Amino acid sequence: MKTYIRILEYVKPYWKHLLLSIVCTILFALLNGISIYLTIPLLDTLFQETAKKEVITQTSTVNKTVAILPEWIIKLKDDVSSSFNHYILSGDKIQSLFNICLLVLISFLLKNIFGYLQAYFLAYTENASMTDLRDDAYKHLHQLPMSYFKQERVGNLISRLTNDVTAVQSSISATFLNLIREPLNILVFFGIAVSISWRLTLLSLIILPFIMLIITWIGFKLRRYSTRIQAKMADITSILQETISGVKIVKAFSMEKYENRKFMDQTHGFLKLIIKVVRIRNASSPITETLSVIVGVVIIYYGGILVLQTKVLTGSEFIGFLLAIFQLMPPIKELSSVNNRIQESSAAADRIFEILDTQPTIRNIDKPAEVKYFKDSIEFRNVFFHYEDSNEQILDDISFKVKKGEILAFVGPSGGGKSTLVDLIPRFYDPSSGVILLDNLDIKGIDIGNLRRLMGIVTQETFLFNESIKNNIAYGLTEFPEEKIIDAAKTANAHNFIMEMPNGYDTVIGERGVKISGGQRQRLSIARALLKNPEIMIFDEATSALDNESELLVQEAIERLMINRTTFVIAHRLSTIRNANRIIVLDRGKIVQYGTHDDLIQNEKGLYRKFYEMQFRD
Ligand code: ADP
């Protein structure tokens with residue numbers, strides 16, 4: 001219930017639309033009732049030989065039997081029906097027929113107009129509020145730390161923002177419609193039924209709940225399965241997402257069969273569930289219908305006796321009653337499923353709220369320091385780090401200081417902690433203990449946006465968005481004169497190949513026929529960093545081998561990028577470590593050597609020497 005109330009919070013801003021929808025719903029229900037009422041005089045006019053006066057007297061006789069209704073209602077009903085009859089049946093039969101047909105036409109027309117409006121306003125409410133929910137969840141995702149995205153499967157997150165939001169959405173309408181329209185319908189039809197014959201209504205009330213029980217039970221079954229179906233769909237989305245983004249690996253390892261089987265296991269599990277649901281759902285209507293017929297037959301038999309023997313009821317009234325009582329069934333059935341729908345949507349909503357409730361662990365303190373420039377130095381002081389989900393010490397007592405303008409290179413065996421270390425500088429992760437200081441300020445006290453704006457980051461995985469080359473280079477910058485973009489591209493040795501593309505700087509990456517090589521990607525991301533012109537550069541050199549020409553162009557671009565910048569670089573190129581002012585050799589989270597290339601190379605037993613000989617000798 002708590003979850004449901006939280007869903008309603010999202011509906012609140014759209015209360016005006018909802019209110020209009022409710023008003024239309026009320027009018028719709030009333031007109032629905034009127035259209036049933038109209039069948040009585042219609043049948044009378046068509047089939048009854050008796051004069052209109054008799055009809056009026058007969059109706060009143062019946063009303064006298066409605067002892068359980070308060071006096072004023074009976075009077076009101078008498079007044080209404082007699083003035084109604086007066087109007088309708090005032091002329092000859094053909095005139096009456098015309099009047100009734102006109103009324104039927106008008107009431108149905110109005111009913112449908114209100115039905116449409118009610119559906120429109122409700123759809124507006126539910127779609128707008130779910131758009132807000134989805135937007136909130138998306139915005140919140142951007143607040144969450146890197147570690148969150150490592151823990152959660154991407155497909156699962158996508159599924160929550162798509163399938164689950166849709167599930168919540170569809171049940172909002174269901175519950176709102178059901179909670180307002182159905183009770184109203186019930187009230188109207190019940191009112192009609194009682195006003196026609198309280199005895200028959202009483203009889204129906206005794207046997208109807210019996211059917212309701214069975215229908216409720218079926219609804220309960222269905223609900224249980226639908227939650228499982230939703231979860232299965234999330235699994236399927238995950239697999240899809242993983243294999244599509246990892247398609248190259250799947251092919252390289254010839255894992256198509258394995259992946260197909262994995263996928264099919266899931267889809268078949270899904271199919272099984274769906275079939276179960278289909279079986280229950282499809283069995284439910286024959287069962288309901290059979291039961292309804294039994295009830296119907298009992299009512300018809302008893303009603304028939306009332307008409308034929310005791311004559312407390314006219315034939316046309318009896319038909320009006322049957323219409324009302326059978327119209328009463330669907331709303332009751334719908335109403336009994338409201339709880340199910342609430343449960344269903346709550347399960348989906350819980351998965352969305354789980355995202356919203358995840359606290360961003362890396363966030364600004366109250367009143368963070370505004371830092372616009374980097375002036376002096378960056379220092380690691382006794383920094384330890386382990387990932388949240390493991391106890392393995394990834395960084396072990398790291399201390400060093402970099403002066404503004406220096407280039408610091410990290411080398412060491414893979415898994416030594418180099419990437420983790422540089423991830424701490426823009427606060428992708430926070431140290432488990434120890435501090436990182438920027439100009440002697442703990443970076444945890446600096447506004448995160450400010451901190452990251454000081455830095456440019458070029459990683460091995462150059463991510464390009466499905467946008468124009470121009471926008472990709474200017475990513476994250478609001479004002480970008482074209483000349484500056486071109487300048488950056490030129491400095492990054494990217495201008496020439498960009499100009500050869502079909503639409504130059506306006507070529508959209510990811511479009512058909514646009515092919516970008518690994519070296520070109522690297523140069524684009526260097527251009528991106530150059531345009532941002534950060535004071536601090538964090539750079540994870542790509543290990544992938546490039547052809548000679550590309551290598552040369554990339555190297556040149558990298559060197560230009562490092563000029564006049566404080567640079568942290570995970571180095572894989574000889575030229576880079578030669579350019580570095582200091583080198584840190586990192587092994588199993590510890591700094592094992594520290595110094596310039598010339599110093600370190602002297603130590604014959606040192607890891608650096610070994611490493612150098614292995615990796616950079618050529
Ligand atoms: P390097 O960059 O030197 O190759 P990394 O910093 O990438 O080293 O990794 C250091 C260690 O941290 C490795 O043992 C790796 O398995 C582990 N590691 C990296 N990322 C995570 C993560 N998100 N969760 C848990 N362990 C991780």
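Residues are numbered from 1 along each chain as its sequence is written. Because the model is predicted, local features need pLDDT of at least 70 and side-chain atom pairs count only at pLDDT 80 or more, while totals for chains, interfaces and linings use all residues.

Let's start with the domains, whose bounds come from an automatic or database domain assignment. The protein chain splits into domain 1 (2–356) and domain 2 (406–418 + 453–615). Their centres, taken over C-alpha atoms, sit 61 Å apart.

Now for some helices (H or I runs in DSSP, at least four residues, numbered from the N terminus). These are the ones we'll meet first:

| Helix | Residues |
|---|---|
| α1 | 2–11 |
| α6 | 93–143 |
| α2 | 15–37 |

Helices α1 and α6 pack at an angle of about 105 degrees, with their axes 8 Å apart; axes are lines fitted to C-alpha atoms over the stretch in contact, and angles run from 0 to 180 degrees between N-to-C directions. That makes α1 roughly perpendicular to α6 (65 to 115 degrees). On the α1 side, I7, Y10 and V11 make the contact (heavy atoms within 4.5 Å).

Helix α2 has 23 residues. Among its buried residues are L18, F28 and I36 (buried means under 20% relative accessible area, with a 1.4 Å probe and protein chains only). The buried residues of α2 pack against α1, α3, α6, α8 and α12.

Last stop: K403, which lies in strand β2 (residues 395–403) (strands are DSSP E runs of at least two residues). K403 has 40% relative accessibility, so it counts as partly exposed (between 20% and 50%). Leaving out residues up to four places away in sequence, K403 touches D376, S377 and T566.

Notes: Side-chain values use heavy atoms; hydrogens and water are left out. Angles under 35 degrees count as roughly parallel, over 145 as roughly antiparallel, 65 to 115 as roughly perpendicular and the rest as oblique. The expected span of a helix is 1.5 Å times one less than its number of residues.
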